[in-house]
Amino acid sequence: MNLLAQSGYPFALVVSALLLLALFWLLRTQRLREKYSVLWFAVIVGVVVLTFIPAITGWLTALAGVTTPINLVFILAFLVLLVVCIQLSIEISTLEESARTVAEEVALLRLELERRTGKPQSLPGQETDVRQPHTDESPAS
Amino acid sequence: MLVIIPAWNEEATLAAVVEETRAALLAGNVLADILVVDDGSDDATGGVAEASGALVAHLPVNLGVGAAMRTGYRYAQRLGYAVTVQVDADGQHNPADIPALLRALAEGADIVIGARVAGDGAFVARGPRRWAMSLLSGTISRIAHTRLTDTTSGFKACGPRAIELFARSYPAEYLGDTVESLVVAARSHLVLREVGVVMRPRAGGQPSHGPARSAAFLGRAVLALGLALTRPRPELRGEPYRRYEELGA
């Protein structure tokens, strides 16, 4: 009990619990897609496990050849954040590509609509004779 | 055949370019439609394009020249145009050269580049920019099995196979509209050729030629080239590949 009172465990537990609640809330209100929440759940579970069994850090430190356990924790935290950043960049690139494709499609549909509703028809094999450029007065024959 | 003019904030020059292109097509006795792709311009480019009588595709937001070109190629492919020519909206390409590009295309090429050569308004580059351009030309010449001198030209004619390829995968990265598109085409075994054309000075705006910018251009060009060369090869559908050797040229 004394150990708990003097350590950072309660603090870590409270923080983890708050994060978990926040994640659930975001998911419930559909502000976070489930596929992105998996990673964060994994991180929180990792923090909780380390909080309850801090000895794990010691074993891992020995395994990785790091002298101070806390440094290993820092390195792991940095790595997790780095991976999350890269993952988000990938998602943004994918989004940009789909936005681009959608915008191109919109432009082509608008052109198609304008062609069908008003402007003279123009198709391969029956290209507009450049000697008679499109004008509003002369409808396509 | 379809002339594709990508335009972003080119209200000053666009009308003249469309008019001149139409006149050149008339003079060369070429039947063609002109498609202006308005790349989300902030100025009156869209309206100018509509008024010019060309077909106009309005991209709702600015997406870059790569997306504008892919829109053009998608339109060409969807409607079945067999030939496209892309012309810059700033007036630096002379549409009078289009028939020369088409002749080279008819001789069995998939892509014909209008390469800037000496003449009125000749394109002279020095320092890092020149190194970058010769590096690009040298590398692409090697993989395309033909001598190319100007791989950053935006003046290009494309046949059906190139249209099909570009409609699916026109690169959107930096230099994608010129360098990478050629790399993609060459790696898909399309036949590249070039025809010398005289570039005119831009009707508006000055190209950047400072040493720092040139050095940056070199760096980005090397990066773009490296990425383009190591990217997975796009699949070419349709006809089997025509190898350079089979042309007997």
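**Domains, sheet and core**

Modeller: Gladly. The centres of domain 1 and domain 2 of chain A, taken over C-alpha atoms, are separated by 26 Å. The assignment places domain 1 of chain A at 1-53 and domain 2 at 67-116. Please keep in mind that this is a predicted model.

Colleague: Let us turn to chain B. What does its secondary structure come to?

Modeller: Chain B has 8 helices and 7 strands. The 7 strands form an open sheet, ordered S3-S2-S1-S4-S6-S5-S7, with mixed pairing.

Colleague: What makes S3 and S7 of chain B the edge strands?

Modeller: Strand S3 (55-59) and strand S7 (192-198) of chain B each pair on one side only. From one strand to the next, the twist averages 20 degrees.

Colleague: How do you know that S5(B) and S7(B) pair?

Modeller: Two strands pair if there are at least two bridges between them. Strand S5 (residues 111-117) of chain B and S7(B) have 7 bridges, in the parallel sense, so they qualify as a pair under that cut-off. One residue pair to look at is B:Arg116, whose bridge partner in S7(B) is B:Val197.

Colleague: And which strands does S2(B) pair with?

Modeller: S2(B) pairs with S1(B) in the parallel sense over 6 bridges, and 5 bridges join S2(B) to S3(B), again parallel. Towards S3(B), B:Val36 stands opposite B:Val56.

Colleague: Where does the chain go between these strands?

Modeller: From S1(B) the chain crosses through H1(B) to S2(B), a right-handed β-α-β crossover. S2(B), helix H2 (residues 45-51) of chain B and S3(B) also make a right-handed β-α-β unit.

Colleague: Why is S2(B) described as largely enclosed by the rest of the structure?

Modeller: The cut-off for buried is 20 or more other C-beta atoms within 10 Å. In S2(B), 7 of the 7 residues are buried, so the strand is largely enclosed. Both faces are covered: B:Asp33, B:Leu35, B:Val37 and B:Asp39 are buried on one side, and B:Ile34, B:Val36 and B:Asp38 on the other.

Colleague: Which members of the largest nonpolar core touch the most other members?

Modeller: B:Ile5, B:Leu35, B:Val36 and B:Leu192 do, in a core of 79 residues. Helix H3 (residues 65-79) of chain B gives the most to this core, with 7 residues. For B:Leu35, leaving aside neighbours within four places in sequence, the contacts include B:Leu2, B:Ala54, B:Gly72 and B:Tyr75.

Colleague: How far apart are B:Leu190 and B:Ala109 in sequence and in space?

Modeller: They are 81 residues apart in sequence and 7.7 Å apart in space, C-alpha to C-alpha. Across chain B, residues 24 or more positions apart account for 76% of the contacts with a separation of 6 or more.

Definitions and conventions:
Residues are numbered from 1 along each chain as its sequence is written. Chains are lettered from A and ligands numbered from 1 in the order in which they are written. This is a predicted model: local features need pLDDT of at least 70, side-chain atom pairs count only at pLDDT 80 or more; totals for chains, interfaces and linings use all residues. Helices (H or I, at least four residues) and strands (E, at least two) are DSSP runs, numbered from the N terminus. Axes are lines fitted to C-alpha atoms, for helices over the stretch in contact, and angles run from 0 to 180 degrees between N-to-C directions. Domain bounds come from an automatic or database domain assignment. A nonpolar core is a set of buried Ala, Val, Leu, Ile, Met, Phe, Trp, Tyr and Cys residues joined through C-beta atoms within 7 Å. A residue is buried if 20 or more other C-beta atoms lie within 10 Å of its own, exposed if 12 or fewer, and partly exposed in between; C-beta atoms are placed from the backbone. Two residues are in contact if their C-beta atoms, placed from the backbone, lie within 7 Å. A crossover is right-handed if, with the strands pointing away from the viewer, the path from the first strand over the helix to the second runs clockwise.
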